[in-house]
Amino acid sequence: MITPDDRRHGSRAGYLAGCRHTCCTEPNFRYQKRSKIRFQREGTQIVPAAPVRKRVAWWAERGVSINALTAAANLGSGTISELITGERDHCLKGTVRAVLAVRWEHLPDHALCGADLTRARVYSMMAAGHPLDWICEQAGEGFPKSGVWRSQERVTLGTARALQAVYDAAPLEGPSRASAVKARNKGHDHPLAWDDPGVPAMPFGWSPRRTPTIGRPGRPESTAVENFDWLVSQGVTPARAAERLGVQLDSVRDKRRQLERRAS
Ligand SMILES: [Zn+2]
């Protein structure tokens, strides 16, 4: 909440920070009027609706509903529905712009998205040796202990975000070999086997590499070198890679020399 001595009073920033007195509602009102005029000037052009349909389909593939999307785009729900059903094939340029501008971060925590990536994150953390209890604990209230996520088609974005945060922060090797062996025997991939462990533009849309990796995990020492090289190839600094793997930088280098000697 904004305090009385905040320097943002008297500007729209004050309004955005929560002030509802005229000192800040006035500038906000002026801004809205200006942008409305601009929007009307540019946004009333009639254009083909194909980009909207394509974008809605893109979101639908990721389990995001039209309602969540229209709310985030600040549009009436009828507008997009008519475009989807084909009742209309043209719309305002402003509508296209509003729909294309929606990003993951604009969707609220209570909106739903596909559960597949969240599930894959959990399983791959298990395949990396993190026990499920630990994962639940790290995710806190954002992740139900009940295990419903195993069968759910969709989860809330709040849950997906909580799990993504745990996934991003989790060391690439966990302490439990039993958890790793069990998960890998069930065919779950270690995070390093993913084609795309999180492209920033679409954090919840991703596809796992399709080659099965069932079987015994590799010897831990040589795996560490492989993992290390992989991380470095992804642009991670050697120091940070060693940190994520929970190993000493020197020991990785020693191990590599040893492997090379053995190979020659
Ligand atoms: Zn104010």
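Axes here are lines fitted to C-alpha atoms, for helices over the stretch in contact, and angles run from 0 to 180 degrees between N-to-C directions. The model shown in every view is predicted.

**Figure 1. Helix α7 against helix α10.** In this predicted model, α7 covers residues 116-127 and α10 covers residues 177-185. Their axes come within 6 Å. The crossing angle is roughly 125°. Angles under 35 degrees count as roughly parallel, over 145 as roughly antiparallel and 65 to 115 as roughly perpendicular, with the rest oblique; α7 and α10 are therefore oblique to each other. On the α7 side, Tyr123, Met126 and Ala127 make the contact. They meet Ser179, Ala180, Ala183 and Arg184 of α10. Five of the residues in this contact are nonpolar, one is polar and one is charged.

**Figure 2. Helix α3 against helix α6.** Helix α3 spans residues 50-61, and helix α6 spans residues 93-100. The two axes come within 9 Å and cross at roughly 25°. The cut-off for roughly parallel is an angle under 35 degrees, so α3 and α6 are roughly parallel to each other. The crossing of α3 past α6 is left-handed. Pro51, Val52 and Arg55 represent α3 in the contact. Their partners in α6 are Thr95, Val96, Val99 and Leu100. By type, the contact residues split into five nonpolar, one polar and one charged.

**Figure 3. Glu141 in its loop.** Glu141 sits in the loop that runs between α8 (132-139) and β4 (154-156). Within 10 Å there are 9 other C-beta atoms. A residue is exposed if that count is 12 or fewer, so Glu141 is exposed. Thr159 is 18 residues away from Glu141 in sequence. In space, the C-alpha atoms of Glu141 and Thr159 are 8.7 Å apart.

**Figure 4. Confidence along the chain.** The average pLDDT of the chain is 79, and 84% of the residues score at least 70. Confidence is highest in α8, at a mean of 92. It is lowest in helix α11 (residues 220-233), where the mean is 69. Over residues 196-220 the pLDDT is below 50. This stretch still has 34 contacts in the model beyond near neighbours in sequence. Where pLDDT is low, the predicted coordinates should not be read in detail.

**Figure 5. The chain as a whole.** The secondary structure consists of 13 helices and four strands. Of the 264 residues in the chain, 28% are buried. Take the contacts between residues at least 6 apart in sequence: 65% of them join residues at least 24 apart.

Technical notes. Residues numbered from 1 in each chain as written. Predicted model: local features only at pLDDT ≥ 70, side-chain atom pairs only at ≥ 80, totals over all residues. Helix = DSSP H or I, 4+ residues; strand = E, 2+ residues; numbered from the N terminus. Buried ≥ 20, exposed ≤ 12 C-beta atoms within 10 Å, placed from the backbone. Contact = placed C-beta atoms within 7 Å. Left-handed = near helix turned anticlockwise from the far one by under 90°. Nonpolar A, V, L, I, M, F, W, Y, C, P; charged D, E, K, R; others polar. pLDDT = per-residue confidence, 0-100.
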